[in-house]
2 protein chains.
Amino acid sequence: MVTIRDVARAARVSVATASRALHKSHLVAHDTREAVRAVADRLHYTPHRGARSLITSTTHSIGVLLPDLYGEFFSEVIRGIDQTAQGAGYHCLLSSVRHGGPTLEAALRSMRGRVDGLILMSPEFTGDLSKRALPSGFPVVLLNCPPSDTPHDSIAVANFEGARAMVRHLAGLGHTRIAIIQGAEGNFDAAERMRGYRTALTEAGLRFAPELAVPGDFSEAAGDAGARALLRVVDPPTAIFAANDGMAIGALYALRDAGRRVPEDIAIGGFDDIPMARYVEPALTSVHVDISALGEQAAGRLFAALEGPLEHHVSRATLPTTLVVRRSCGSRRT
Amino acid sequence: MVTIRDVARAARVSVATASRALHKSHLVAHDTREAVRAVADRLHYTPHRGARSLITSTTHSIGVLLPDLYGEFFSEVIRGIDQTAQGAGYHCLLSSVRHGGPTLEAALRSMRGRVDGLILMSPEFTGDLSKRALPSGFPVVLLNCPPSDTPHDSIAVANFEGARAMVRHLAGLGHTRIAIIQGAEGNFDAAERMRGYRTALTEAGLRFAPELAVPGDFSEAAGDAGARALLRVVDPPTAIFAANDGMAIGALYALRDAGRRVPEDIAIGGFDDIPMARYVEPALTSVHVDISALGEQAAGRLFAALEGPLEHHVSRATLPTTLVVRRSCGSRRT
DNA sequence: CATCAGGCTGTAAACGTTTACACCGGCTGG
DNA sequence: CCAGCCGGTGTAAACGTTTACAGCCTGATG
């Protein structure tokens, strides 16, 4: 391994000068600087990050903690984060907290000392984190986490408003029996979408019917099963709001299989507006979320906190959603 | 920040004993060890990774370099890698090499000194990497990269065999005008699938017709456009092989829009077998790839090289694919 | 001419670990 | 009773950086 000492020796300067030439350039004479840089280049010198971080107590990396990774949702989030991080000269240390695996706290511990800040996405996160696992004042941005009293920035998708808009739209089309296939149990996004559903029902003067709210877990299979269950209730729904597009597509499959026409017999709406939504048959009405923007903003907030930790006050942002009407809800052709 | 000195002082032992108590436990008396650990716990001590890596010249992280992140393909790969890495006590430093962004070499440089090994996925990778950007002997596993003469392990999906099996199947159903919607230009996966397509044609006694090979880029929109183009050729195809499922779904959309029935008028096959494939209408015949296994195996190979660098010889593995026949190709109902 | 400023460079001390080496008892075996 | 071993512990040196401090030289100012 070639160290800065080797560079200094080869360039016939001291290590101090070498170090300065490489990144505090204004303190060193022009010729010396160029000479050192040439030598460093020739020797393929790369500074040892560990040693540097020992001195500066900074790593130029951020940690990204996600729940189990699946679907294009996460790759979009990661893309947004990574893009912003690269722009700021940071690296992303990624870790997923799987259900069976090590706990959130263990994951946090293992990241301590490796990262300057953290983006934590944990829709099932219950709240009391920073107390134990993190140095107080450690920069953290919460992504789609349930609100908590911890003093951290947070960014979330407007789940409530999006779901509400969808259900309001369905009600506006004259539906009175509107069902929901819910997201995963204990999931914050799922809970918020459910809340939006109920609120929209009330606002439309409709009563919440427990038999029209079936459980799900965001998978296509759950949408399939959910739709089948809904077809069996005594006074079946004329519209179904699936808490994400995957389940909506599963539901489409089940309805087709049962001989129901969409949207003529029954309307369907999803959530997320994944790219595929407009290509299924019928094209899926959904709630559009700019997922990579979610990642970008989270990273952006984190870097803001990192670069200027002065006068930082906790912010809670919400990423807006927009209703995208296509054929599956029957309002008009798109 | 609480250091090992603090722990040592609080436990009334030397730093050496403290250090040993924490991970070379057999060298220290039972009581001392427990005492030190209790203190470390109470103080929330976490070792400074930089300092440790300075001594051991090891980081316990691996770098993961991916092309632009999109679709569920990548989140699956990452999932597989991360899972294996966590099992081995490693972290993943993730970076994507975007088209407009910094070059592959820059990305490699920025990872130097931060990671013990590297997983590089770059279907457009041209070959001459290790020479300059990496210390020689640095453990690298290549994922879906074009074969090169660099002395690195590599793992790839059996693109050629999968595509060949698909096209052979279509030919076996009696189709003689079989088209392909190709993957991205310059992409190795795409090229291999194309090669499988041509080989299968030849094996079936069919002639390659250039007008039946339209370009694409793995996106739904490209599948849409590709299918429309294919409908316009003078003697249109009776079967289409789309180089991935996204394009196949785009093609389904276009065909439906043009009033063609699938599979009665025209058969369709995809590649990847994404979860959604079985839920579209008609259910999509595809080539199944266990994507997360790809990541797992890559990580596995890397750790094998890291833990025991002795007697390591370059290996090239191929992840098998299986043809999944569903309704879209018309052979039978599933 | 003496002094001083300021640009440039070098010396050496830190940062938090791990570990080679030395040390110190107490026990065993001759 | 002594030599030697061994389990348990401490001291201090390394790892590769950054940076405070000091020093040197040149040129300008009094």
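Visitor: Before we start, what are helix axes, and how do the angles run?
Guide: Axes are lines fitted to C-alpha atoms, for helices over the stretch in contact, and angles run from 0 to 180 degrees between N-to-C directions. Keep in mind that this is a predicted model.

Visitor: OK. How do the axes of α8 and α9 of chain A cross?
Guide: Helix α8 (residues 159-172) and helix α9 (residues 188-203) of chain A have axes that come within 7 Å and cross at roughly 40°.

Visitor: Which residues make the contact?
Guide: From α8(A) they include A:F160, A:R164 and A:V167. From α9(A) they include A:R193, A:Y197 and A:L201. By class, the contact has 7 nonpolar, 4 polar and 8 charged residues.

Visitor: Which elements do they come from?
Guide: Chain A gives two or more residues from each of α2 (15-23) and α4 (49-56). The largest share, 5 residues, belongs to α4(B).

Visitor: Now strand D. Which residues come nearest?
Guide: A:I4, A:A16, A:S19, A:A51 and B:A16 come nearest, out of 26 residues around DNA strand D. Here α4(A) gives the most, with 5 residues. The classes near DNA strand D are 16 nonpolar, 7 polar and 3 charged.

Visitor: What about the two protein chains, how many residues are in contact?
Guide: In chain B, 39 residues are in contact with 39 residues of chain A. On the chain B side, at least two residues come from each of α4, α5 (71-87), β2 (91-97) and α11 (245-257).

Visitor: Which of those gives the most?
Guide: α5(B) does, with 8 residues. The side of chain B that touches chain A divides into 16 nonpolar, 13 polar and 10 charged residues.

Visitor: You mentioned β2. Do β2(A) and β2(B) run parallel or antiparallel?
Guide: They run antiparallel, and 3 bridges join them.

Visitor: What stands opposite A:L93?
Guide: B:L93 in β2(B) stands opposite A:L93.

Conventions
Residues are numbered from 1 along each chain as its sequence is written. Chains are lettered from A and ligands numbered from 1 in the order in which they are written. This is a predicted model: local features need pLDDT of at least 70, side-chain atom pairs count only at pLDDT 80 or more; totals for chains, interfaces and linings use all residues. Helices (H or I, at least four residues) and strands (E, at least two) are DSSP runs, numbered from the N terminus. A residue is near a molecule or strand if its C-beta atom, placed from the backbone, lies within 6 Å of it. Ala, Val, Leu, Ile, Met, Phe, Trp, Tyr, Cys and Pro count as nonpolar, Asp, Glu, Lys and Arg as charged, and the others, Gly among them, as polar. Two residues are in contact if their C-beta atoms, placed from the backbone, lie within 7 Å. Two strands pair if DSSP finds at least two bridges between them.
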